[in-house]
Amino acid sequence: MQKHLDILKEASLRVTPVRARVLEIFDQHNFAISHQEIEDALTIVDRVTLYRTLKSFEQKGIIHKVVDGTGQDKFAMCEHHCTEHHHQDEHIHFNCDQCGNTFCVDEVGIPAINLPNGFSVSSTNIVMKGVCDKCN
(Lines give C-alpha, C1' and ligand atoms only; values in the text may rest on other atoms or scores of the structure.)
Protein backbone atom coordinates (compact mmCIF):
# COMPACT_ATOMS: atom_id res chain seq x y z
CA MET A 1 0.00 0.00 0.00
CA GLN A 2 2.84 2.40 0.81
CA LYS A 3 4.24 1.84 -2.68
CA HIS A 4 0.95 3.09 -4.17
CA LEU A 5 0.91 6.14 -1.94
CA ASP A 6 4.49 6.93 -2.95
CA ILE A 7 3.64 6.63 -6.66
CA LEU A 8 0.71 9.04 -6.29
CA LYS A 9 2.67 11.53 -4.19
CA GLU A 10 5.63 11.42 -6.60
CA ALA A 11 3.24 12.21 -9.45
CA SER A 12 1.67 15.06 -7.41
CA LEU A 13 -1.70 13.34 -7.46
CA ARG A 14 -4.07 13.40 -4.53
CA VAL A 15 -4.33 10.04 -2.78
CA THR A 16 -7.85 8.65 -3.13
CA PRO A 17 -9.23 5.16 -2.48
CA VAL A 18 -10.03 4.73 -6.19
CA ARG A 19 -6.51 5.69 -7.33
CA ALA A 20 -4.92 3.41 -4.75
CA ARG A 21 -7.20 0.53 -5.75
CA VAL A 22 -6.46 0.99 -9.47
CA LEU A 23 -2.72 0.82 -8.74
CA GLU A 24 -3.35 -2.32 -6.70
CA ILE A 25 -5.15 -3.88 -9.70
CA PHE A 26 -2.18 -3.09 -11.94
CA ASP A 27 0.13 -4.72 -9.38
CA GLN A 28 -1.95 -7.90 -9.55
CA HIS A 29 -1.30 -8.29 -13.29
CA ASN A 30 1.99 -8.77 -15.08
CA PHE A 31 0.32 -7.96 -18.38
CA ALA A 32 -1.60 -5.07 -19.92
CA ILE A 33 -5.23 -4.77 -18.85
CA SER A 34 -8.22 -3.14 -20.48
CA HIS A 35 -10.48 -0.42 -19.14
CA GLN A 36 -13.25 -3.02 -18.89
CA GLU A 37 -11.09 -5.43 -16.87
CA ILE A 38 -10.23 -2.66 -14.43
CA GLU A 39 -13.87 -1.62 -14.24
CA ASP A 40 -14.91 -5.22 -13.52
CA ALA A 41 -12.39 -5.39 -10.66
CA LEU A 42 -13.77 -2.14 -9.19
CA THR A 43 -17.24 -2.86 -7.94
CA ILE A 44 -18.18 0.61 -6.71
CA VAL A 45 -16.68 3.06 -9.21
CA ASP A 46 -18.44 4.79 -12.06
CA ARG A 47 -17.04 4.77 -15.57
CA VAL A 48 -16.24 8.49 -15.67
CA THR A 49 -14.16 8.36 -12.48
CA LEU A 50 -12.21 5.40 -13.82
CA TYR A 51 -11.68 7.13 -17.18
CA ARG A 52 -10.37 10.26 -15.44
CA THR A 53 -8.13 8.18 -13.17
CA LEU A 54 -6.57 6.31 -16.12
CA LYS A 55 -6.16 9.55 -18.07
CA SER A 56 -4.39 11.28 -15.19
CA PHE A 57 -2.16 8.22 -14.62
CA GLU A 58 -1.24 8.24 -18.30
CA GLN A 59 -0.52 11.97 -18.31
CA LYS A 60 1.66 11.67 -15.20
CA GLY A 61 3.74 8.79 -16.59
CA ILE A 62 2.38 6.13 -14.24
CA ILE A 63 0.83 3.99 -16.99
CA HIS A 64 1.02 3.83 -20.78
CA LYS A 65 -1.50 2.82 -23.40
CA VAL A 66 -0.92 -0.47 -25.20
CA VAL A 67 -2.40 -0.90 -28.66
CA ASP A 68 -2.09 -4.60 -29.38
CA GLY A 69 -4.33 -5.09 -32.40
CA THR A 70 -7.17 -6.66 -30.40
CA GLY A 71 -9.46 -3.69 -30.94
CA GLN A 72 -9.42 -2.42 -27.37
CA ASP A 73 -6.84 -0.23 -25.73
CA LYS A 74 -5.07 -1.71 -22.77
CA PHE A 75 -2.88 -0.14 -20.13
CA ALA A 76 0.32 -1.20 -18.38
CA MET A 77 2.45 0.29 -15.64
CA CYS A 78 5.34 2.44 -16.82
CA GLU A 79 8.87 1.87 -15.68
CA HIS A 80 9.95 4.21 -12.90
CA HIS A 81 11.85 6.48 -15.28
CA CYS A 82 8.72 7.78 -17.03
CA THR A 83 7.70 11.31 -16.18
CA GLU A 84 4.79 13.59 -16.88
CA HIS A 85 6.55 15.11 -19.87
CA HIS A 86 8.51 12.14 -21.17
CA HIS A 87 7.32 8.54 -21.46
CA GLN A 88 10.01 5.89 -21.84
CA ASP A 89 7.69 3.15 -23.13
CA GLU A 90 9.32 2.61 -26.51
CA HIS A 91 9.38 -1.18 -26.28
CA ILE A 92 7.60 -3.98 -28.07
CA HIS A 93 4.45 -5.65 -26.84
CA PHE A 94 3.74 -9.36 -27.10
CA ASN A 95 0.19 -10.66 -27.52
CA CYS A 96 -0.32 -14.34 -26.67
CA ASP A 97 -2.51 -16.26 -29.13
CA GLN A 98 -3.59 -18.70 -26.41
CA CYS A 99 -4.33 -16.72 -23.25
CA GLY A 100 -4.92 -13.37 -25.00
CA ASN A 101 -2.71 -11.45 -22.58
CA THR A 102 -0.46 -8.67 -23.84
CA PHE A 103 2.93 -8.24 -22.19
CA CYS A 104 5.38 -5.35 -22.22
CA VAL A 105 8.78 -6.59 -23.34
CA ASP A 106 10.90 -3.85 -21.82
CA GLU A 107 14.14 -5.64 -22.68
CA VAL A 108 13.52 -5.19 -26.42
CA GLY A 109 13.51 -1.62 -27.68
CA ILE A 110 11.98 -0.40 -30.90
CA PRO A 111 14.72 -0.07 -33.52
CA ALA A 112 15.42 3.23 -35.23
CA ILE A 113 13.71 3.41 -38.60
CA ASN A 114 14.78 5.88 -41.26
CA LEU A 115 11.76 7.43 -42.91
CA PRO A 116 11.70 9.41 -46.15
CA ASN A 117 12.17 13.17 -45.95
CA GLY A 118 9.05 15.02 -44.85
CA PHE A 119 7.78 12.24 -42.57
CA SER A 120 7.78 12.69 -38.80
CA VAL A 121 6.89 10.08 -36.20
CA SER A 122 4.67 10.88 -33.23
CA SER A 123 4.62 7.33 -31.83
CA THR A 124 5.66 3.82 -32.72
CA ASN A 125 3.92 0.59 -31.84
CA ILE A 126 5.29 -2.90 -32.51
CA VAL A 127 3.23 -5.91 -31.47
CA MET A 128 4.51 -9.44 -31.76
CA LYS A 129 2.09 -12.36 -31.63
CA GLY A 130 2.74 -15.92 -30.58
CA VAL A 131 2.62 -18.00 -27.42
CA CYS A 132 3.82 -16.64 -24.07
CA ASP A 133 6.12 -18.47 -21.69
CA LYS A 134 3.25 -19.57 -19.42
CA CYS A 135 1.20 -21.07 -22.28
CA ASN A 136 4.17 -22.61 -24.07
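Are aspartate 68 and lysine 74 buried or exposed? Aspartate 68 is buried, and lysine 74 is buried as well. The views below are of a predicted model.

**View 1. The salt bridge of aspartate 68 and lysine 74.** The closest N and O atoms of aspartate 68 and lysine 74 are 3.1 Å apart. Both residues of the pair are buried. This is one of six salt bridges counted in the model.

**View 2. The salt bridge of aspartate 97 and lysine 129.** The N to O distance between these two side chains is 3.8 Å. Aspartate 97 sits in the loop between β4 and β5, and lysine 129 sits in strand β6 (residues 127-130), so the pair ties together parts that are 32 residues apart in sequence. Aspartate 97 and lysine 129 are both exposed.

**View 3. The salt bridge of arginine 21 and glutamate 24 in helix α2.** The side chains meet at 2.9 Å, N to O. Arginine 21 and glutamate 24 are three residues apart in α2, and about one helical turn separates them. An α-helix has 3.6 residues a turn, so residues three or four places apart point the same way. Arginine 21 counts as partly exposed at 26% relative accessibility, and glutamate 24 counts as partly exposed at 30%.

**View 4. Helix α4 (residues 47-59) and its ends.** The 13 residues of α4 reach 18 Å from the first C-alpha to the last, close to the 18 Å expected at 1.5 Å a residue. At the N-terminal end, aspartate 46 caps the helix, with a side-chain oxygen 3.2 Å from the backbone nitrogen of valine 48. Glycine 61, with a positive phi near 80°, follows α4. Buried residues of α4 include Leu50, Leu54 and Phe57. The buried residues of the helix pack against α1 (2-10), α2 (17-27), α3 (35-41), β2 (63-66) and β3 (74-77).

**View 5. Strand pairing around β3.** β3 pairs with β1 (residues 33-34) in the antiparallel sense over two bridges, and the pairing of β2 with β3 is antiparallel over four bridges. Isoleucine 33 has phenylalanine 75 of β3 as its bridge partner. Alanine 76 in β3 stands opposite histidine 64.

**View 6. The largest nonpolar core.** Of its 27 residues, Val22, Phe26, Ile38, Leu54, Phe57 and Ile62 touch the most other members. Two or more residues each come from α1, α2, α4, β4 (91-96) and β5 (102-109). The largest share, five residues, is given by α2. Leaving aside neighbours within four places in sequence, phenylalanine 26 is in contact with Ile33, Ile38, Leu54, Ile63, Phe75, Ala76 and Met77.

Conventions
Residues are numbered from 1 along each chain as its sequence is written. This is a predicted model: local features need pLDDT of at least 70, side-chain atom pairs count only at pLDDT 80 or more; totals for chains, interfaces and linings use all residues. Side-chain values use heavy atoms; hydrogens and water are left out. The expected span of a helix is 1.5 Å times one less than its number of residues. Buried means under 20% relative accessible area, exposed over 50%, partly exposed in between (1.4 Å probe, protein chains only). Contact means heavy atoms within 4.5 Å. A polar contact is a pair of N or O atoms within 3.5 Å; within protein, one must be able to donate a hydrogen and the other to accept it, and residues adjacent in sequence count only if both atoms are side-chain atoms. Two strands pair if DSSP finds at least two bridges between them. A nonpolar core is a set of buried Ala, Val, Leu, Ile, Met, Phe, Trp, Tyr and Cys residues joined through side-chain atoms within 4.5 Å. A salt bridge is a side-chain nitrogen of Lys or Arg within 4 Å of a carboxyl oxygen of Asp or Glu.
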